[in-house]
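Could you walk me through this model, one feature at a time?

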Amino acid sequence: MTRELDKTFDPAAIEAKWYSHWEQTGAFRPERPDAEAFTIVNPPPNVTGSLHIGHALDNTLQDIVIRYERLRGKDALWVVGTDHAGIATQMVVERQLEERQDKRTNYSRDDFVAKVWEWKEESGGTITRQLRRLGCSMDWSREQFTMDEHFTKAVLKVFVDLYNDGLIYRDKRLVNWDPKLKTAISDLEVETRDVNGHMWHFKYPLEGGQTYTYVERDEDGNVVLEEERDYISIATTRPETMLGDGAVAVHPDDARYAPIVGKLCEIPVGPKEHRRLIPIITDEYPDPDFGSGAVKITGAHDENDFGVAQRNGIPMYRLMDEVAAMRSDGAPYAEAARRAIEIARGDTLDAAEVDALNLVPDEYRGLDRYEARKKVVADIDAEGLMIMVEDKKIAQPFGDRGGVVIEPMLMDQWYVAAKELAKRPIAAVKSGEIEIVPATWEKTFFNWMENIQPWCVSRQLWWGHRIPAWYDADGKVYVAMTEEEAQAQAGDGVALTRDEDVLDTWFSSALWPFATLGWPDNTDLVQKHYPNSLLISGFDILFFWDARMMMAGYYNMDERPWEKLYLHGLVRAADGSKMSKSKGNVVDPLGLIDQYGADALRFFMAAMESQGRDIKMDEKRVEGYRNFATKLWNAARFCQSNGVGLSKHIAAPDARMAANQWIIGELAQTAETLEKAMAELRFDAAANTIYHFVWDRFCDWYLELIKPVLQGDPDTDAAKETRAVAGWALDQILVMLHPFMPFVTEELWNSRGHPHDLIVGEWVNPQASVNKAATDAIDWVIDLTTATRSARNELGISPSEKLAAFIEAPSGLAASVIERSSAAIERLARLSPITVGEAPAGAAMQVAAGSDTFIVPLEGVIDVGAERARLEKALVASQKEAKSLEGRLSNANFVERAKPEAVEKARADHAHHVAEVERLKAALERLG
RNA sequence: GGGCGUAUAGCUCAGUGGUAGAGCACUAUGUUGACAUCGUAGGGGUCCCAAGUUCGAACCUUGGUACGCCCA
């Protein structure tokens, strides 16, 4: 059944229809039990998310590959689902509560989590609906969620296994604490930004007013400063952390401070009578050339200080609470300070006792860290102990979700031994077992993986996978899949409490390539579709997700997660800046779909996706691809109205006519180029190949060439053959274009009356090759047509007027084409009649095709001067070329050392231009 | 401080050693029953700079310059 097509393609009219048809008929995952597997897992978008332009790129590329492989007969599985996105989702729901003057802590944990689930059921489907609008052919029948029951089981199993293997452990170290979200986050979730700040220089007085001679020398050892000091000068960007100092450190080689190493100095803040004393120690960390060369050591609030404190057994005093305000718990300051002085004088305490000690002076307690900073500075200044303050750019850590300054805090968290897990992924990429495309990313990958730090995976949230660890009254931990198992480990009657924390979202999404297939059960899907074939992701989640999938894949499955990792760039705004809500330059992909159709947006994404480069948004280009869809639409319409039917066979029909043989050869070549591009994941090359074949070859030349045949007697063999070839070629175009433009191709395919849908069709296989004679003939016609049009244009002769042409001594090619294809020449070049023989004398236009010259008498019509100018211009150009080639060919070095084919080509080009020069000279002579 | 990338027509970008390309924009033009979301013809480039390798460099090497990104 064929259906008549409208004059203009209206994407909106067909997209929804085809999508639901495909989904309802199960076309996204046809039953192909015996076929080779091809598997992609979709990077699960946040369940809170909505489709942004980056998703549009990422998913378009995946859909192109999966549709391509489906057409090629593979058992193509595209796994889809959403991520519970711990922090992001909890934030969304908490914000909703806030709008109603409500808050999370008004609820029990279970009730709050129930509320999140409720929200997820109601609003979680936004992005999945939007992916459908883009035409993405995922297997929705098995839609996954990282907190599905089976997925949760997988997460717990991995945690328990890692724990039993010693690869997950609890540790007290500095974590990145987000005081807004009140949770620890991983290093990757911290963004370091340079901000304007200050460097304060303070005097730390020596104990009991002791003095020493401070001597400063220049590079040559000359004394530039010598004075008696009763203090040591300390520079800091964070004065509020002074309250937690455990020592002052100087470099062991720093002669300036050698006299006072081992002595005590006073932290110049807090009530005078309880000033804390801390030792002056040596460590390699302080840089003698930076600041004063002396560094205060606050092990509990600075990464570098933490290292110094650990090496030197310096106590680390925690100063802040969960919102980064100065602590107000514990004993009064006087008592705490007394204990601290005992410690400084050699008393030892265990870590828990140190942690319990609140060394914030009473008047600072409860202050926000920045308020405390102001007060510390003011108090020291008032005491006359501030030396100076400089303006300085400070590299400051921010939480990528909460957007506030991260506070390093010393606390217990769960860590994954990432270094160990990184070993096999590193080896796999080195050996080529996993290929990263483009390969330039390998260096970045190695650099990160080889310097990987323990991964903090516990989060102080409610929404997520709760850590399967239980503690008894003594704090002993029992890790197990269930509370029953933990109880069994602990023994009957031991009271257990479960760890309050949940796991980092990326801990679970790392399992996506196999947990979505049913693992830990050994399902058929796991058997057949793990390892996956390919992963496509933005480079921005290379470490967050891709690298961790590798770790999880090798650890749990003992195999790579996928054969290939394709990394694409960012979609940027038209001016090249990053799109962001705050800048207001975000382009909504759905708006583009509304305006130009999903096919146009998809084609844009593909055509712009060259490896290793970001994509700049260019709406004109999207519009151009909308036009391309319309062009194809109209070509199909033309075929339809000329009785061109559908093809019965995938192989090219038999053809005797040059135009038909030619298009078959061109199509075979196109298919080959396209397949090569797809194999190399060169989406731009693939898109451009099919684009130019459709527009330049098929529409501009082939359809024009066959018009005379189609519009003549329909019952001739030539007409029948032409309809068969045209129908076949159009069908092959629809197949090749389908991965890129699924909607318009499916609509056209069905309008042509095919018995099955294109989405489950068969990939092209022309079983034909280029016919040299046909190519020569058609190239000759194209040559002649182009030359004639150009000459007419330059001479101001109407493009439509038919002109008589003469050719004196046609080449064999010319003679045969003139005989067989005069109708095409008449139609395209508008030369008719063509007479073999001498042209009448008089002014004429002369055009060339190959080595043949046509004389078109135009006595009294053309401006002879203009024609002469035209010919002379061409003559000069050919002479220049000929001369340049002659120079090259007369260079012995070139002839002897260049590749033979290069020499051959130069000779051929030279001969051509020499002939052209002769021809043009003759033409000019004829003109008189 | 370390690493990576980019620089080609007015704009957005292809081009992996043989002498420069596409789309858009621009100029001129409008003809045939698919298409004006179209057709035809045309103008437009020190391929960032410098040196080197080579018979030959947009492409390879080295050193700059500018812009961007990542890590510390």
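Where is the place of Gln-101? Gln-101 sits in the loop between α3 (86–99) and α4 (109–123). Although Gln-101 is not a glycine, its phi is positive, at about 55°. Keep in mind that you are looking at a predicted model.

**The overall layout**

Chain A is divided into three parts: domain 1 (183–407), domain 2 (610–770) and domain 3 (790–927). Taken over C-alpha atoms, the centres of domain 1 and domain 3 are separated by 87 Å.

**Two cis peptide bonds**

Now look at two prolines. Trp-519 and Pro-520 are joined by a cis peptide bond with omega of about 15°, and Pro-520 lies in the loop between α16 (512–515) and α17 (524–529). The bond from Tyr-530 to Pro-531 is also cis, and here omega is near -5°. You can find Pro-531 in the loop between α17 and β24 (532–538).

**A pair of packed helices**

Two packed helices are described by the angle between their axes and the distance between the axes. Helix α20 (residues 598–608) packs against helix α21 (residues 619–641) at an angle of about 115°, and their axes are 8 Å apart. The crossing of α20 past α21 is right-handed. On the α20 side the contact includes Phe-603 and Phe-604, while Tyr-625 and Phe-628 are among the residues that α21 brings. The residues of this contact comprise nine nonpolar, no polar and two charged.

**Around the RNA**

RNA strand B has 46 residues around it, and those that come nearest are Ser-610, Arg-613, Arg-637, Trp-695 and Arg-897.

| Side chain | Oxygen of RNA strand B | Distance |
|---|---|---|
| Arg-613 | phosphate oxygen | 2.5 Å |
| Trp-695 | phosphate oxygen | 2.5 Å |
| Arg-827 | sugar or linking oxygen | 3.3 Å |

Several helices give two or more residues to the surface near RNA strand B: α21, α23 (683–710), α26 (772–795), α29 (892–897) and α30 (900–927). Which element gives the most to this surface? That is α21, with ten residues, and α21 is also the helix that packs with α20.

How do the residues of the surface near RNA strand B divide into nonpolar, polar and charged? There are nine nonpolar, 15 polar and 22 charged residues.

Key
Residues are numbered from 1 along each chain as its sequence is written. Chains are lettered from A and ligands numbered from 1 in the order in which they are written. This is a predicted model: local features need pLDDT of at least 70, side-chain atom pairs count only at pLDDT 80 or more; totals for chains, interfaces and linings use all residues. Side-chain values use heavy atoms; hydrogens and water are left out. Domain bounds come from an automatic or database domain assignment. Axes are lines fitted to C-alpha atoms, for helices over the stretch in contact, and angles run from 0 to 180 degrees between N-to-C directions. Helices (H or I, at least four residues) and strands (E, at least two) are DSSP runs, numbered from the N terminus. A crossing is left-handed if the near helix is turned anticlockwise from the far one by less than a right angle, and right-handed if clockwise. Contact means heavy atoms within 4.5 Å. Ala, Val, Leu, Ile, Met, Phe, Trp, Tyr, Cys and Pro count as nonpolar, Asp, Glu, Lys and Arg as charged, and the others, Gly among them, as polar. A residue is near a molecule or strand if one of its heavy atoms lies within 4 Å of it. A polar contact is a pair of N or O atoms within 3.5 Å; within protein, one must be able to donate a hydrogen and the other to accept it, and residues adjacent in sequence count only if both atoms are side-chain atoms.
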